[in-house]
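Please go through this briefing with the sequence and the coordinates open.

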Amino acid sequence: MQSSISGGAGQVQSQLTALGYSNQVVEVPASTRTSSEAAVAMGCSVGQIAKSILFKTYGSGEETAVMVVASGANRVDEKKVEALIGSPISKADADFVRQQTGFVIGGVPPIGHAKPLSILIDEDLLKYEMIWAAAGSPHAVFQLTPAQLVEMTAGKVTDIRVD
């Protein structure tokens, strides 16, 4: 653990502390931008990586953001997500991700967003004792339990993976 972290990683650490969690953000020299890279860097399975994917709703006149926190081993079934939220979706571009979350793609954490987000959590993450999530930069992560993920995000646990 570092004695000093800054930027997006520091924001995530501050958010964790403010929420009353003792989880520690870890910055590593290797990239954690993708689930595969994060799994290698942290010495865990790809399934234990909680990847944050932002979608944009459309069709109702106002675009809103929906975050899916999925197991790194799974692909997200966009039709399942659309059925759950009752609106068509598309993947968000980098500008929309930054505007909604305050973070860049490859480092978007499940907490501490610039704007409130609806969050769906892949039920497959619950089968792990510990998981890893992005922490504000492509080189920062934090370890947590699936129960902590659900609690700190107030996300809805559901089946979102491609069968």
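The model is predicted.

**Architecture**
- Five helices and eight strands make up the secondary structure of the protein.
- Starting at the N terminus, the order of elements is α-β-α-β-β-α-β-α-β-β-β-α-β.
- Take the contacts between residues at least 6 apart in sequence: 62% of them join residues at least 24 apart.

**Overall dimensions**
- The C-alpha trace spans about 45 × 30 × 30 Å along its principal axes.
- The radius of gyration is 15 Å. A compact globule of 163 residues would have a value near 15 Å, so the two agree.
- Buried residues account for 48% of the 163.

**Surface and charge**
- The protein exposes about 7800 Å². Carbon and sulfur atoms supply 49% of that area.
- There are 12 positive and 16 negative charges, and their mean positions lie 3 Å apart.

**Helix α1**
- Helix α1 covers residues 7–18, which is 12 residues. At 1.5 Å a residue it should span 16 Å. Its end C-alpha atoms are 17 Å apart, in agreement with that expectation.
- The buried residues in α1 are G8, A9, G10, V12, Q13 and L16.
- An α-helix has 3.6 residues a turn, so residues three or four places apart point the same way.
- Cover for the buried residues of α1 comes from elements including β1 (25–27), β7 (140–144) and α5 (146–153).
- After α1 comes G20, with a positive phi near 90°.

Definitions and conventions
Residues are numbered from 1 along each chain as its sequence is written. This is a predicted model: local features need pLDDT of at least 70, side-chain atom pairs count only at pLDDT 80 or more; totals for chains, interfaces and linings use all residues. Side-chain values use heavy atoms; hydrogens and water are left out. Helices (H or I, at least four residues) and strands (E, at least two) are DSSP runs, numbered from the N terminus. The expected span of a helix is 1.5 Å times one less than its number of residues. Buried means under 20% relative accessible area, exposed over 50%, partly exposed in between (1.4 Å probe, protein chains only). Contact means heavy atoms within 4.5 Å. The radius of gyration is taken over C-alpha atoms; the globule rule is 2.2 Å times the number of residues to the power 0.38. Accessible areas come from the Shrake-Rupley method with a 1.4 Å probe; for residues, only the protein chains shown count as cover. Lys and Arg count as positive and Asp and Glu as negative; His and the chain ends are not counted. The place of a charge is taken as NZ of Lys, CZ of Arg, CG of Asp or CD of Glu.
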